[in-house]
Structure formats: structure tokens, C-alpha cells
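Please open the model in your viewer and keep the selection tool at hand.

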There are 2 protein chains.
Amino acid sequence: MAEPLFKRLAIIGIGHIGSSIALGLQAVPGTVATLVISDTSPVHLAKAKELRLGDEYFADPGAAVAGADGVILCTPVGSFATIAEAIAPHLAPGCILSDVGSTKQSVLRDVSPHLPPGMPFVPAHPLAGTEFSGPEAGLGDLFQGRWCLLTPEPEADPAAVRKIEALWAALGARTAKMTPAHHDRVIAIVSHLPHLIAFTICGTADDLADETREEVLQFAASGFRDFTRIAASDPVMWRDIFINNKDALLEMFSRFSEDAQAFARAVRWNDTSYIEDRINRSRKIRKSLIDIKQA
Amino acid sequence: MAEPLFKRLAIIGIGHIGSSIALGLQAVPGTVATLVISDTSPVHLAKAKELRLGDEYFADPGAAVAGADGVILCTPVGSFATIAEAIAPHLAPGCILSDVGSTKQSVLRDVSPHLPPGMPFVPAHPLAGTEFSGPEAGLGDLFQGRWCLLTPEPEADPAAVRKIEALWAALGARTAKMTPAHHDRVIAIVSHLPHLIAFTICGTADDLADETREEVLQFAASGFRDFTRIAASDPVMWRDIFINNKDALLEMFSRFSEDAQAFARAVRWNDTSYIEDRINRSRKIRKSLIDIKQA
């Protein structure tokens, strides 16, 4: 490539997603000329340096974004307002700002007010990640074949949107656009609610009498282990997601609770046709998922 | 082996578990001299024959158990009372009866009253299985390294218990003994409740507005897919499990519901320390699981 996509790209927050972007970019040389890494945690920053994830390293996010033509916020979404305020005075004209947050209405709410007028902001959310965290959890192929959802506002600069799409394409991801509100509802049911449930059921098991708890651990292979894999995810990241997508999450939780109560009631009263009907509907959805995956 | 463990073993119900036992036994020749297979479904029985899963095939369970020194019930637990009644007159003296049902108090309740006095009954529950079903879903190594829980009554013949333990050891499983009541509580939380939740959340997603539902399928990789894998499981098997372990299941569901409501309330009121505490507890449990697996 004659011209890099970004001359100087700053990654703010070098956790699991930030480090995966950094490693992914190493596999497509020429996409980014200089990769700048910033993290307020000295431990994370030192680890990133040790792993040679970038070209330059800054504890201060303001210093990191100076002169950059691209900035990606990769910290927990609860920190976005503070970071946006901190970096705003240092953003170069023409710089494109993006992020990887799992909640998109809150990101617009927290970031946009701080930005210089006309600065392009292209919120993004890669649907990828494992239950591991930190710069040492980076995976260069994490985004290969995965979706990255973009939620730019209608008036967003199309050229800026295309550059962020190109960045994710370079990392192997497919992109799709939707409104922030729609994103937040879809992700509430496919990701946020499953995490809330997984975190909860681990606690429920932990509260059981000692003898039972021991055996929960021992015999967890029967569903519990798969079911709770996502419960090992990062506490601060997930605390921020829950709080910042509470409307959609609580609506989905409320729908789920009603359905679960109805299911439990059917079990109590031996309503076999209700139970079979619900199980058959579930299987149909699972089949659709498998069909889509195979397509 | 000079002497087989069972001269004539009858598997009643050739679904996913029955066919996995049959295939597993083919890998340890000499353990069972003659394997008899019975299924009231002509389609399943024909398939079992075509796959050469056994040595003899009977639609009628009574005919299948005649002359057998071992019988394993592998049908959904809701059918156990009917099957026990049907086979009881045909059971040979000295025959050992076992099963693979996921609920153990109900199995004792439904089977024991039909048995001839003194006939050894050793209930068992292998903690293994996939979301697939039917005789073609059999896996010869399904039980390798997995647990099989035995819940014999205190007065059970120790020699019969040892034979069933040896059968599961031949299939590669580790065995543990516990009371039926304790089994039902442990399995309610590690398996039955996760299934109820997975079945429910698929339905909740299916009830969403069309546009959202489409995208739930498209973007399911973000947790939902893993989380709902078990929701593809067999409807009749799971209907029977829920109904036959309702006391333990409803108690665990009730505990889980309280905990989930408390979590949702913390999200609504921005109770970040509660949320972080719950997530940290979950991670600890997940870590224990990983430690046990590595041990």
C-alpha cells in the first residue's frame, strides 16, 4: 500500500480488545504507519511495551492523541466521558475518533459533547472477545470473520465512516451499520442479558450449602461450565456495560423474567404441552443459528 | 477377559445415551457378550440395526430383557414407570437393573414398586451428552473421563453396585455415589436450571419484533450462541426431566430469580459495588472450575 489507512493511530486502553487490534494490525503491515498505545495503568502499559504491541507508549491519553489522524477508545465505557474531555483539546483537525464500546447510546451521550465541532466520530462495536482480559490476552485473529457494528449519526462524514470500515475490514471483520438505539436492544439480548444471567447463576451456586457447592464445582461439566464461561469476564468492563445500557437490558431482563416464571409455573403444574412448545421453539432458533453459520 | 461382565445386557431405548453406551462397549470387547437393543420406535430400532449397534433387536422391552443379567433403562424418565411395569414379569432372577436418567428420586419412585423383591436396582446418571439426539447421535467416547453418579439405596447389593461401577469404568467414566435427593439438588443447579434458562431466553428472543429477531440470529456470536447451545436438546427428554425433578428445580429457580432480580435492581440504581461484587464472585467460581479441570 502506498498510503497507510492511518498515519498515526492511537489506541486508548490496551486491554483484551485494544491489544487484539494492535496484534491484528501487525498482520496487515502498511495499514497503520505508527501505532500509539496509551493506558493509565502502568502495569498494562509496561506489558504492552514488553509485548511490542505498538510503536509509541503514553500514560497520558492527551499526549497519545496529539498529531494522530485516528483514535480508538478501548477502555470500559464508563470512562468515556472523562477520556473524551481529556483528549478533546489535543485532537488534531481531521482526526477520526472511534471506539469499541459495547453500548452505543451512552457512548454518543458521553463523548459527543466534548468533541470540537465537525470532528468525525464513528462509534463501533466489534462482536468479538473472550472471557480473558488485559494486554496479554490479545489475539491477532480475534476479529477474523466476526461482525463489527458501526453506529454513526446520519450527518457523519461518509469518508470517515469508510475509513473505520476499512480498518475493521483490514482486521478481518465484516461491518454493518445500525442506529445506536437498535444496537443497544439487539446487544442487550444477545450479549448483556446472557452475561447478567451467567454472573447471577454462579453466585446462586456459591450461596448453596457447602456440600452442594463442592459438587457443583465437581460436576459442572453437565451444562454449568459452558453456561458460565462468560461469567469470567472483566468486572469493571461489565459493570460499565450494565449501567450504560440499563434501559434496554432491564427491558430484556423483564421479558426474560416473565417468560422464565411462566416456564417454571408450567413445570409446577405439569403443563407438558406448554413445556414442549417452548423447547421446540428454542430448538427452531438454534437451528436457524446453525443454518446461518453454515451459510 | 475370561468371563464377560454381563453375559446378556439389554439397553432399553436407543437414543443418544443408549447408542453411545453401545458404541462405547464395542471398543471394549469382552465386557458384554451379547448386547440386546430395544426401542418402541420402529425408526430408531431400524437405525440401530443399520448401524450395527447391538447383537439382537426387540421392539418389545419385555422380550428384550428376558434372560438378561443386566438391563439399562435409557428412555426419557417419564416413561420409566410404564417400562418397569412392562419388563418386571420378564426379568430373570439375579438380573441387575440400572438406568441413565437425569432425575434420581423420581426413578426410585417409579421403578422400585414394580420390581420383584430382592432384584438389585442401581440407578445411575452419566454426566455426559450433547444437544443431539437419536441412535445416529451416539458417540463411542462420550463417557471418557466424565462422571457417572450412582444413587443406590443403602441396602443395595454391593456386588451389583460394583458391577455397574465396572460397566461405567469400562466406558471410561469415573463413578461417585450419593443419595438420590442430594443428586437431584446438585444436578438441578448444574444442569436442569441452565437448560430451563437456555430454553427460555431463546423464546424471549423469538418474541421480539421481527427486525430485532433477525439481528439476534445474525449477531448471536456475542454470547447468545454458546449460551443457548444446550437449548437444542430433546424436548421429550427435557419435559420429563423438568416434571420429575420439579421440587429441586423450582427451588433452584426461585433462588436464581431472587438473585437475578437483585442484580437487575442494582443495575437500575447504579449500585456499582454490588454489581462488581457479584461479578468478582462469579469469576472466583469460574476459576475454581478451571483449577479442578486442570487438576
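The domain bounds used in this tour come from an automatic or database domain assignment. The model itself is predicted.

**Stop 1: the two domains of chain A**

Select residues 6-178 of chain A, which the assignment gives as domain 1, and then residues 182-294, given as domain 2. The centres of these two domains of chain A, taken over C-alpha atoms, are separated by 30 Å. Where they meet, domain 1 of chain A contributes 18 residues to the contact and domain 2 of chain A contributes 15 residues.

**Stop 2: the surface between the domains**

The size of an interface is often given as the accessible area lost when the parts come together. For domain 1 and domain 2 of chain A, the buried area is about 1300 Å², and carbon and sulfur atoms give 62% of it. Now select A:Ser102, A:Glu131 and A:Met178: within domain 1 of chain A, these residues lose the most area to domain 2 of chain A, together 38% of what that side buries.

Next, select helix α5 of chain A, residues 105-111, which gives four residues to the side of domain 1 that touches domain 2, the most of any element. By class, that side of domain 1 of chain A has five nonpolar, nine polar and four charged residues.

**Stop 3: chain B against chain A**

Display both chains. How many residues of chain B are in contact with chain A? There are 87, and they meet 87 residues of chain A. Chain B and chain A bury about 8600 Å² between them, with 69% of it on carbon and sulfur atoms. Select B:Phe219, B:Phe227 and B:Arg286, which supply 8% of the area that chain B buries against chain A, more than any other three residues.

**Stop 4: polar links and elements of chain B**

Select B:Arg281 and A:Asp206, whose side chains meet in a salt bridge at 2.9 Å, N to O. Between chain B and chain A the count is 10 salt bridges and 26 residue pairs in polar contact. Elements that give two or more residues to the side of chain B touching chain A include β7 (147-150), α7 (180-206) and α12 (272-294) of chain B. Finish with α7(B), from which the largest share of that side comes, 19 residues. The residues of the side of chain B that touches chain A divide into 47 nonpolar, 19 polar and 21 charged.

Terms used
Residues are numbered from 1 along each chain as its sequence is written. Chains are lettered from A and ligands numbered from 1 in the order in which they are written. This is a predicted model: local features need pLDDT of at least 70, side-chain atom pairs count only at pLDDT 80 or more; totals for chains, interfaces and linings use all residues. Side-chain values use heavy atoms; hydrogens and water are left out. Contact means heavy atoms within 4.5 Å. Buried area is the accessible area (1.4 Å probe) that two parts lose on being put together, summed over both. Ala, Val, Leu, Ile, Met, Phe, Trp, Tyr, Cys and Pro count as nonpolar, Asp, Glu, Lys and Arg as charged, and the others, Gly among them, as polar. A salt bridge is a side-chain nitrogen of Lys or Arg within 4 Å of a carboxyl oxygen of Asp or Glu. A polar contact is a pair of N or O atoms within 3.5 Å; within protein, one must be able to donate a hydrogen and the other to accept it, and residues adjacent in sequence count only if both atoms are side-chain atoms.
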